[in-house]
Amino acid sequence: MTASPAVPAPVPTAPGGLPLIGHAHHLVRSPLPFISSLRDHGSVVRIRLGPTPAYVVTDPVLTRTVLVTEAAHFAKGGKIFDVLRGVFGDGLATIGDGDTHLRNRRLMQPMFNKAHIATRRTAMIEQSRSMVGAWEKGQLRDVFADMNDVTLAAFLVALFGADLPAHLQREFTTLMPALMKGAIRQTVLPPWVTRLPLPANRAQARGIARLRVLMDQAIDHTPSAPDPAEAAGCPHQAAAGDEQAGLFETLKAAEDQFTREQLQDEAITLMNAAIETTATALAWTLYELTRHPEIEERLRAELAAVCAGRPLREEDLDRLPYARQVLQEGVRKYGPAWMVTRTATRDIELGGHRIPQGADVVWSPYLHQNDPAHFPDPAAFDPDRWAAGRLPSTRDSFFAFGDGRRKCIGENFAWVEMQIILATLLETWPRLRLVSRPPRAETAITVKPDRLAMVFS
């Protein structure tokens with residue numbers, strides 16, 4: 001006798017939906033508690049965004065199915081990507097699946113191999129040291145804003161080389177937060193509202209146009225070469241001159257395979273990815289250090305042992321394993337992303353449930369990385385989760401950089417950038433102190449602190 005095929009079970013619907021708006025009020029008022037509560041209702045849970053259903057995956061094994069084993073049937077898409085594409089264009093993080101994505105990723109991969117990134121470590125250290133060292137002792141600092149500024153500056157010098165005109169950095173620093181705020185607004189509003197000639201929509205359009213002008217200037221910027229006389233008497237200076245060009249020169253070398261608009265799209269997408277997630281993770285990590293002086297003391301001891309009283313050098317980074325653990329725990333605890341979408345390209349079964357073609361499928365790094373089944377006592381900040389020998393129990397539930405063929409191409413760069421900035425800050429300032437109330441988690445594209453004021457001395 002032939003067994004009957006299993007009938008897919010109905011997908012459970014999250015409680016608390018309201019007519020017309022569905023579960024949108026939960027996502028606006030208490031997004032993180034709501035998304036975390038869904039794991040109590042099943043491995044796949046149906047919610048409604050207005051009248052539109054979405055399917056939230058709460059089991060990390062099934063998320064890996066969506067991102068890796070069945071990735072061909074879950075295309076990158078959904079409203080958030082549609083909105084981001086309007087701001088950043090068809091960069092690697094926003095372009096749809098297919099041959100163009102695979103070709104572009106292959107062309108860009110050399111930019112982000114470890115050896116190539118290593119050529120920019122010294123420039124990033126010097127840029128970070130210059131900015132962090134310019135802070136006034138005892139001055140109240142907006143740490144989230146500072147981390148955005150420092151990560152952007154380090155990114156620009158790594159990507160485009162030395163001597164990028166100061167006005168470009170200033171305008172990028174001002175423009176990017178405003179554009180991200182506009183993108184978030186457009187994500188939650190009905191599409192027809194974003195097409196009206198409203199002041200906010202006009203300002204967003206002007207900002208996007210200005211961003212492209214600035215990016216053109218950055219792409220066309222040619223770093224100044226070292227003085228020939230100095231270089232002749234200093235082999236190290238000459239070697240440094242060979243590395244002045246920046247990572248983006250690799251992509252420009254393939255310019256015959258990219259239109260100018262595609263180069264803009266890739267540079268803008270990379271810039272957003274470089275500052276949004278790393279700045280958020282650094283800000284939360286600094287906050288946790290103010291709560292855990294024993295962790296800060298251990299970090300400082302590691303830095304002192306490696307540097308032995310001299311300034312940080314690029315070769316030191318590989319000898320700071322505890323700093324990497326601390327940053328991994330900051331990224332783990334705070335996401336940084338809390339809601340990411342895919343689109344089912346056909347009717348498909350997932351975890352015994354039927355997902356209809358065209359449906360939005362939601363997965364959440366924040367949800368998985370705060371799951372007590374995989375990270376015991378997830379609210380605790382414990383860098384030793386990442387110590388050697390403990391990794392197998394955590395790796396399969398860590399999705400901060402995604403997974404599969406759409407995994408973030410800049411992961412290696414992000415770890416290097418965060419390590420440089422954290423080490424430089426500790427090297428520069430012997431004491432850091434929280435002076436605002438403990439920050440509350442606020443959801444945007446990332447999970448960011450709503451207010452974080454500190455004093456460095």
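Let us start with how the chain is connected: among contacts (heavy atoms within 4.5 Å) in the protein chain between residues at least 6 apart in sequence, 74% join residues at least 24 apart. Keep in mind that this is a predicted model, in which local features need pLDDT of at least 70, side-chain atom pairs count only at pLDDT 80 or more, and totals for chains, interfaces and linings use all residues. Residues are numbered from 1 along each chain as its sequence is written, and side-chain values use heavy atoms, with hydrogens and water left out.

The protein chain contains 20 helices and 12 strands; these are DSSP runs numbered from the N terminus, with helices being H or I of at least four residues and strands E of at least two. Of its 457 residues, 51% count as buried, meaning under 20% relative accessible area, with over 50% being exposed and the range in between partly exposed (1.4 Å probe, protein chains only). The chain exposes about 20,200 Å², and carbon and sulfur atoms supply 56% of that area, as given by the Shrake-Rupley method with a 1.4 Å probe.

Now find helix H8 (residues 143-160) and follow it to helix H15 (residues 260-291). Their axes come within 8 Å and cross at roughly 140°; axes are lines fitted to C-alpha atoms, for helices over the stretch in contact, and angles run from 0 to 180 degrees between N-to-C directions. H8 is therefore oblique to H15, given that angles under 35 degrees count as roughly parallel, over 145 as roughly antiparallel, 65 to 115 as roughly perpendicular and the rest as oblique. The crossing is right-handed, that is, the near helix is turned clockwise from the far one by less than a right angle. Among the residues in the contact are Phe-144, Met-147, Thr-151 and Phe-155 of H8, and Ala-267, Met-271, Leu-282 and Leu-286 of H15. By class, the contact of H8 with H15 has 17 nonpolar, 4 polar and no charged residues. Here Ala, Val, Leu, Ile, Met, Phe, Trp, Tyr, Cys and Pro count as nonpolar, Asp, Glu, Lys and Arg as charged, and the others, Gly among them, as polar.

H8 also packs with helix H20 (residues 411-428), at an angle of about 125° and with the axes 11 Å apart. H8 and H20 are therefore oblique to each other, and their crossing is right-handed. From H8, the contact includes Met-147, Thr-151 and Phe-155, while H20 brings Phe-413, Glu-417, Ile-421 and Leu-425. This contact divides into 8 nonpolar, 1 polar and 1 charged residues.

What does Leu-422 touch, leaving aside its neighbours within four places in sequence? This residue of H20 is in contact with Leu-282, Leu-286, Leu-289, Leu-299, Ala-323 and Leu-327. Leu-422 is buried, with a relative accessible area of 2%. Its C-alpha atom is separated by 9.7 Å from that of Leu-299, 123 residues apart along the chain.

Return to H15 for another partner, helix H11 (residues 199-220). H11 and H15 pack at about 100°, with axes 10 Å apart, and that makes H11 roughly perpendicular to H15. Among the residues that meet are Arg-212, Met-215 and Asp-216 in H11 and Arg-260, Glu-261 and Met-271 in H15. The contact of H11 with H15 has 7 nonpolar, 1 polar and 6 charged residues.

Finally, look at strand S1 (residues 44-49), where Val-44 lies. Val-44 counts as buried, at 1% relative accessibility. Beyond residues up to four places away in sequence, Val-44 touches partners including Val-11, Tyr-55, Leu-62, Leu-350 and Ile-355. The C-alpha atoms of Val-44 and Gly-352 are 308 residues apart along the chain and separated by 9.1 Å.
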